[in-house]
Amino acid sequence: MLAALEQARKAQAAGEVPVGAVVVQDGAIVGAGFNAPISGHDPTAHAEIRALRQAAQRLGNYRLPGCELYVTLEPCAMCVGAILHARIARLVYGAADPKTGACGSVIDLFAEPRLNHHASLSAGVMAEECGALLRDFFAARRAKV
């Protein structure tokens with residue numbers, strides 16, 4: 001999660017919402033990403049999607065079995081869909097997202113039995129640190145208004 005927080009800080013430095021993600025295989029980071037939808041004019045440029053894309057390119061496969069994804073914020077429905085399609089074995093996230101979280105906060109796509117793949121889930125890992133980064137970011141933005 002420390003590496004995902006490092007990615008989130010890169011997003012913050014770029015003026016993006018500070019969310020970071022890393023894909024890990026056998027203890028090694030094979031993909032990393034941070035939020036970039038604003039700068040990239042791309043609504044799909046979430047940290048998770050970018051990390052999954054990098055890992056898939058590096059490993060030469062769109063399926064990432066045996067890999068784990070660490071992300072600082074509970075993924076949205078789009079990202080959970082990508083996680084499931086990539087066949088990620090385990091998702092670990094930090095802060096819950098009460099507005100768009102698709103791992104239980106708003107909806108729980110991981111609990112949907114009709115989906116053909118399920119990943120294990122660990123929530124709340126370093127939640128305070130992950131949440132503080134987001135709170136501080138939005139507090140600073142509100143102060144500028």
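**Close-up views of a predicted model**

**View 1. Contacts of Leu69.** Leaving aside neighbours within four places in sequence, Leu69 is in contact (heavy atoms within 4.5 Å) with Ala21, Val22, Val23, Glu48, Ala51, Ile83, Ile88, Arg90, Leu91 and Val92. The model is predicted, so local features need pLDDT of at least 70 and side-chain atom pairs count only at pLDDT 80 or more, while totals for chains, interfaces and linings use all residues. Residues are numbered from 1 along each chain as its sequence is written, and side-chain values use heavy atoms, with hydrogens and water left out.

**View 2. The largest nonpolar core.** This core has 38 residues, and those with the most contacts inside it are Val23, Leu64, Leu69, Ile88, Leu91 and Phe110. A nonpolar core is a set of buried Ala, Val, Leu, Ile, Met, Phe, Trp, Tyr and Cys residues joined through side-chain atoms within 4.5 Å. Buried means under 20% relative accessible area, exposed over 50%, and partly exposed in between (1.4 Å probe, protein chains only). Elements that give two or more residues to the core include α1 (2-13), β1 (20-25), α3 (47-59) and β3 (68-73). The largest share, 5 residues, comes from α3. Helices (H or I, at least four residues) and strands (E, at least two) are DSSP runs numbered from the N terminus.

**View 3. The largest pocket.** About 550 Å³ of space lies in this pocket. Among the 20 residues that line it, the closest to the centre are Leu73, Asp97, Thr100, Leu134 and Phe138. On a 1 Å grid over the protein atoms alone, a pocket is an open set of points where a 1.4 Å probe fits, with protein on both sides within 12 Å along at least five of seven lines; lining residues have an atom within 4 Å of a point. Grid points are joined across faces, edges and corners, and the volume is the space filled by probe spheres set on the points. Helix α5 (residues 127-144) gives the most to the lining, with 4 residues.

View 4. The structure holds 0 disulfides (pairs of cysteine sulfur atoms within 2.5 Å). For Cys103, the nearest cysteine sulfur is that of Cys76, 9.2 Å away. For Cys130, the nearest is that of Cys103, at 13 Å. Cys103 is buried at 7% relative accessibility, and Cys130 is buried at 1%.

View 5. Arg87, not a glycine, has a positive phi of about 65 degrees. Arg87 lies in the loop between α4 and β4 and is buried, with a relative accessible area of 18%. Met126, also not a glycine, has a positive phi of about 55 degrees. Met126 is in the loop between β5 (120-123) and α5 and is partly exposed at 26%.
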